[in-house]
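Take a look at the fold below. Keep the sequence at hand as you read.

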Amino acid sequence: MGKVFTYDEVSQHRSPESCWVVLYDNVYDVTKFLPDHPGGSKIILQLAGTDATEEYDPIHPPGTLEESLPAEAKLGSFDKKTLPSTEKSPVEEGKAQENEIPALEDMLNLDDIEQAATKKLSQKAWAYYYSASDDLRSKSYNGLVYQKVLLRPRVFVDCVNCDTSTTILGNKVKVPFFISPAAMARLGHPDGEHGMARACASYGAMQIISNNASQTPEQIVEGAAPDQIFGWQLYVQTDRKKSEDMLARIHRLPAIKFICLTLDAPVPGKREHDERTKNVGGNLPVRSAVQEGSASSTKPSDKAAKSVGGGVGRSLFAGTAADLTWKTTLPWLSKHTELPIVLKGVQTHEDAWLAASHAPLIRGIILSNHGGRAADTAPPALHTLLEIRKYCPDVLKKIEVWVDGGIKRGTDIVKALSLGARAVGLGRAPLFGLAAGGQAGVERMLEIMDGEVQTAMRLLGAEKVEQLGPHHVNTRALERDIYDGPAGLDGGVKAKL
């Protein structure tokens with residue numbers, strides 16, 4: 001059976017000379033592991049003598065514990081009955097009632113889901129999901145910009161039938177929106193990215209797996225439907241061998257149909273909500289499933305770990321390359337994958353034009369400002385889409401153009417599709433759906449968006465997605481804010497090729 005330890009016994013071991021932690025109802029002596037911990041010994045010592053499961057579990061893929069500690073480090077089981085009493089006072093009970101979560105079916109829109117998720121998330125998780133750069137102007141404007149575009153409904157049109165299916169890179173999907181790559185889903189709920197994948201299967205939606213997912217790609221696509229579509233987000237590492245090994249690993253998963261090379265965050269933005277999270281969990285040196293599973297991963301020193309502290313987001317950028325260029329990166333990537341390549345983070349018509357000039361190596365682009373998490377006051381995707389229509393509309397014919405950022409309504413999706421987007425990404429919404437109700441919460445989020453898209457299409461008189469066009473929207477109120485300088489499609493831009 002093994003020894004059973006009480007809370008009083010465990011709590012005595014809080015020093016560098018004797019450091020114990022409780023994980024998954026078992027007691028571990030991690031004293032010898034302290035010097036080897038990727039984030040330094042201080043992080044573990046802050047959790048010493050306590051149950052660290054709540055902080056450890058969301059940010060470490062299954063199997064990490066067994067790989068990191070020898071069998072003899074497991075001392076025995078933990079008697080949870082010996083924990084100090086946690087009975088709530090009447091005041092605390094009252095606050096708990098105020099924070100009661102409505103049933104999923106009573107959540108009618110994405111704001112309802114976000115409010116429910118906010119009540120359930122830890123401060124660390126909420127700060128990471130909610131945060132954006134500097135003054136959050138790009139994040140706010142990402143959503144507000146859609147309100148400036150008006151729909152042009154038609155009447156006397158048969159709107160009984162509505163087909164929201166479309167194709168993305170030649171793959172058929174049932175809805176024209178997808179889950180954008182968003183990191184660390186298990187911070188919000190144990191179902192994680194795999195729960196998102198199961199939800200996507202129910203609605204025939206595509207999912208792009210984050211490079212910094214909290215589960216391994218193998219775990220995420222396990223049990224996927226035969227026709228389910230995934231993409232893999234790639235953050236190129238300074239040590240290119242790590243990225244090459246990851247690409248080889250991705251190629252062994254046939255459910256993953258394309259590579260999404262992310263370019264809009266070569267360095268982390270200043271996300272102050274995230275960086276202000278100074279509790280123990282907020283300072284944990286988060287390691288993604290990719291980092292955990294990489295055979296060639298290296299362990300940073302205490303000094304290095306400290307330098308990337310201050311929030312989950314900044315920790316995730318450790319090792320990310322900032323030296324990517326058209327001339328060097330695309331040839332390198334083309335040598336290591338035959339999958340279609342999509343560039344994420346295009347924010348000007350010039351870069352969209354450059355991407356299209358690399359077709360068919362480049363099959364698509366995602367217009368995105370990283371959810372407002374990189375350069376604050378960077379343009380919303382809809383601005384860039386209108387720039388493309390104004391300066392280089394042929395881009396829309398040469399490659400697929402997707403958008404993400406700020407989507408809160410099905411009408412937002414329909415407006416983007418009407419202006420030429422092939423598909424529309426949802427980033428925070430699936431994370432909040434997951435936090436609100438696990439897989440079922442993501443399914444509810446998808447159900448709401450699908451219903452709103454169908455309603456908007458019917459009222460516009462469009463039976464199929466491909467029937468949507470610029471005649472369905474009025475962008476006059478937005479056009480004043482669109483870039484109005486020189487096109488810049490020759491000379492300097494061509495020289496970059």
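The model is predicted. Keep that in mind throughout.

**The barrel**

Start with the barrel. It is closed by 8 strands, in the order β9-β10-β11-β12-β13-β14-β15-β16. Their pairing is parallel. On average, neighbouring strands of this sheet are turned by 30 degrees against each other, direction ignored.

Helix α21 (residues 428-460) lies across two of these strands, β9 (177-179) and β16 (423-426). The helix runs at about 175 degrees to β9.

Now follow the pairing from strand to strand.

| Strand pair | Bridges | Direction |
|---|---|---|
| β10 (residues 206-209) and β11 | 3 bridges | parallel |
| β11 and β12 (residues 256-262) | 5 bridges | parallel |
| β13 (residues 341-346) and β14 (residues 362-367) | 5 bridges | parallel |

How many residues of strand β11 (residues 230-234) are buried? The count is 5 of 5. In a regular strand, side chains alternate between the two faces of the sheet. Here both faces are covered. Phe230, Trp232 and Leu234 are buried on one side. Gly231 and Gln233 are buried on the other.

β11 also belongs to a β-α-β unit with helix α11 (residues 240-250) and β12. That unit is right-handed.

**Valine 342 in strand β13**

Valine 342 lies in strand β13. Is valine 342 buried or exposed? Its relative accessibility is 0%, so valine 342 counts as buried. Setting aside residues up to four places away in sequence, valine 342 touches several residues, including Leu169, Phe258, Cys260, Ile365 and Trp402. Arginine 363 is 21 residues away from valine 342 in sequence. In space, their C-alpha atoms are 5.8 Å apart.

**The open sheet**

There is also an open sheet of 5 strands. Its order is β1-β5-β4-β3-β2, and its pairing is mixed. The edge strands are β1 (3-5) and β2 (14-15), and each pairs on one side only. β2 pairs with β3 in the antiparallel sense, over 2 bridges. Within that pairing, arginine 14 has cysteine 19 in β3 as its bridge partner.

**Rings and charges**

The model holds 8 aromatic pairs. One of them joins tyrosine 24 and tyrosine 56. The ring centres are 6.2 Å apart, with 80 degrees between the planes, and the pair is edge-to-face. This pair links distant parts of the chain, 32 residues apart. Tyrosine 24 sits in the loop between β3 (18-23) and β4 (26-29), while tyrosine 56 is in helix α3 (residues 53-56).

Tyrosine 24 is partly exposed, at 36% relative accessible area. Tyrosine 56 has 15% relative accessibility, so tyrosine 56 counts as buried.

Tyrosine 128 and tyrosine 129 have ring centres 5.9 Å apart and planes at 50 degrees, so this pair is tilted. Both residues are buried. Together with Phe432, Tyr128 and Tyr129 form one aromatic cluster.

Charged side chains meet rings too. The charged end of arginine 373 sits over the ring of tyrosine 128, 4.9 Å from its centre. Arginine 240 lies over the face of tryptophan 332, at 5.8 Å from the ring centre.

Terms used:
Residues are numbered from 1 along each chain as its sequence is written. This is a predicted model: local features need pLDDT of at least 70, side-chain atom pairs count only at pLDDT 80 or more; totals for chains, interfaces and linings use all residues. Side-chain values use heavy atoms; hydrogens and water are left out. Two strands pair if DSSP finds at least two bridges between them. Helices (H or I, at least four residues) and strands (E, at least two) are DSSP runs, numbered from the N terminus. Axes are lines fitted to C-alpha atoms, for helices over the stretch in contact, and angles run from 0 to 180 degrees between N-to-C directions. Contact means heavy atoms within 4.5 Å. Rings of Phe, Tyr and Trp (its six-membered ring) pair if their centres lie within 6.5 Å; planes under 30 degrees apart count as stacked, over 60 as edge-to-face and the rest as tilted. Buried means under 20% relative accessible area, exposed over 50%, partly exposed in between (1.4 Å probe, protein chains only). A charge sits over a ring if NZ of Lys or CZ of Arg is within 6 Å of the ring centre and within 35 degrees of the ring normal. A crossover is right-handed if, with the strands pointing away from the viewer, the path from the first strand over the helix to the second runs clockwise.
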